[in-house]
Amino acid sequence: MSSYDLVVIGTGPGGYVCAIRAAQLGMKVAVIEKRATHGGTCLNVGCIPSKALLHASELYEEAGHGFAGMGINVKPELDLSKMLAFKDEGVKGNVQGVEFLLKKNKIDAFHGAGRISASGKVDITPLNGGEAKTLEAKSIVIATGSDVIRLPGIEIDEKQIVSSTGALELSTVPNKMLIVGGGIIGLELGSVWRRLGSEVLVVEYLDRIIPGMDGEVAKQFQRILDKQGVKFKLGHKVTEVEKNAKGVTAVVEPAAGGAPERIDADVVLVAIGRMPYTEGLGLEDVGVKLDNKRRVMVDAHYKTSVDGIYAIGDVIAGPMLAHKAEDEGVALAELLAGQAGHVNYDVIPNVIYTYPEVASVGRTEEELKEAGVAYASGKFPFTANGRAKVNRTTEGFVKVLADAKTDRVLGVHIVGPDAGTMIAEAAVLMEFGGSAEDLARTCHAHPTLTEAVKEAALAVGKRALHI
Ligand SMILES: Cc1cc2nc3c(=O)[nH]c(=O)nc-3n(C[C@H](O)[C@H](O)[C@H](O)COP(=O)(O)OP(=O)(O)OC[C@H]3O[C@@H](n4cnc5c(N)ncnc54)[C@H](O)[C@@H]3O)c2cc1C
């Protein structure tokens, strides 16, 4: 039996990063992955392929609708199979990158399903029926991620009724796509297929999209998507989807009750969220406790209810984001090495990679009101930003929320071009406990979109310059 300091189950962003950091700190590390490739949901069927299609479809749309205004006359023609191959190539490059990093850090990688048979022991059932193995470990990390939440009675076939995974693989552009769920994944993939020619309808149970994000941002974002042609049915739920010769028919009812209607589509995308994935790990047998949402329960140091067994990433509580999983991986490896690993959960950025992008870090206005925190708000629209004007990308705004007494920045919310990149400066500022004044007094290059962030910070003190 091979023996390790650390065995990590799952090589998504949480697992592989934890393994690398542990190896850097001198531990003997093994990883177990049941997919053929490393990188987890994020690299294989999540962040990376969705961003490849968002990038390609954005350029396609820009070529068709934006180029002529800049004096570039072209008539783009879609080659969908090539676009999908472009996406697959991007995924391949990334998963191979993880394989290289594991090797470089002398981490033993096993392909197969891992199951914890006892504290300190993990059994591996190889993928293709090879010989089973058991690894011994001082510490075991559960980094098995999450899976799609399904709707009862609606079977996902990944062709006509798809999850995000199937929506990354459609071989033809559907004429009509109905999306169940107005969250990040539904809106990103809806944007892709709308740009490529689909009529997109989003059915959302709540009376708003992107729940959890700032309400003003959500309203503005919905208006922008609406103008782009994405249709919304808020306060409604999909109760049934029937397949028929022509496509699919969804039964849609008001969430508050009322007469159902039948809506035809070619493809239905179920994007109502993700749930922790703990199947086949043997957790009940070893006594690892789950909470009422089936997430692995951990303490502040990622230890489960069993000594020597830890968990990180989507499988535990918190935002289901790749960078949150990665940071937990690093923190846990450092804690296991006797260092002071830590994740600041108040400063985890959240980005929607549509056009324009939406990005936020810290608290929303709704959260601050609910917590009774007195705050000042500064807002600046991209219509007043020189670079956005010349680029004709003026939709959206930046909003900075700062403590009314101390001026410390508590939240930053951006709808606008490149918001996902710009949010990083807000995250750094907040990590260092910076104030709106600090941000406002930091010199920002001209002409850049980031000047809108500085102006929003100036607006907190009611002294924005360019509006
Ligand atoms: C379409 C889509 C787009 C997304 N876009 C973004 C984005 O832009 N930005 C962002 O931050 N997040 C995004 N996410 C979320 C992101 O993918 C997850 O938050 C992230 O992958 C979580 O990492 P993880 O390491 O916890 O788990 P995962 O990435 O899910 O990895 C877990 C791994 O464990 C393996 N595994 C499970 N059980 C076993 C077992 N018993 N034995 C061996 N291996 C096992 C699985 O095969 C999997 O490879 C997106 C998700 C989706 C679906």
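1. H1, E2, H2, H3, E3 and helix H9 (322-336) each contribute at least two residues to the shell around the ligand; helices (H or I, at least four residues) and strands (E, at least two) are DSSP runs, numbered from the N terminus. H2 provides the largest share of the shell, four residues.

2. The model is predicted: local features need pLDDT of at least 70 and side-chain atom pairs count only at pLDDT 80 or more, while totals for chains, interfaces and linings use all residues. Residues are numbered from 1 along each chain as its sequence is written, and side-chain values use heavy atoms, with hydrogens and water left out.

3. Among the 38 residues around the ligand, those that come nearest are Glu33, Thr41, Lys51, Gly114 and Ala322 (near: a heavy atom within 4 Å of the molecule).

4. Oxygen atoms of the ligand lie 2.9 Å from a polar backbone atom of Asp314 and 3.2 Å from one of Leu321. For His323, an N or O atom of the side chain is 3.3 Å from a ligand oxygen.

5. Helix H4 (residues 80-104) has 25 residues, so at 1.5 Å a residue it should span 36 Å; its end C-alpha atoms are 36 Å apart, in agreement. The expected span is 1.5 Å times one less than the number of residues.

6. Buried residues of H4 include Leu80, Lys87 and Leu102 (buried: under 20% relative accessible area, 1.4 Å probe, protein chains only). Just after H4, Lys106 adopts a positive phi of about 55°.

Definitions and conventions:
Buried means under 20% relative accessible area, exposed over 50%, partly exposed in between (1.4 Å probe, protein chains only). A polar contact is a pair of N or O atoms within 3.5 Å; within protein, one must be able to donate a hydrogen and the other to accept it, and residues adjacent in sequence count only if both atoms are side-chain atoms.
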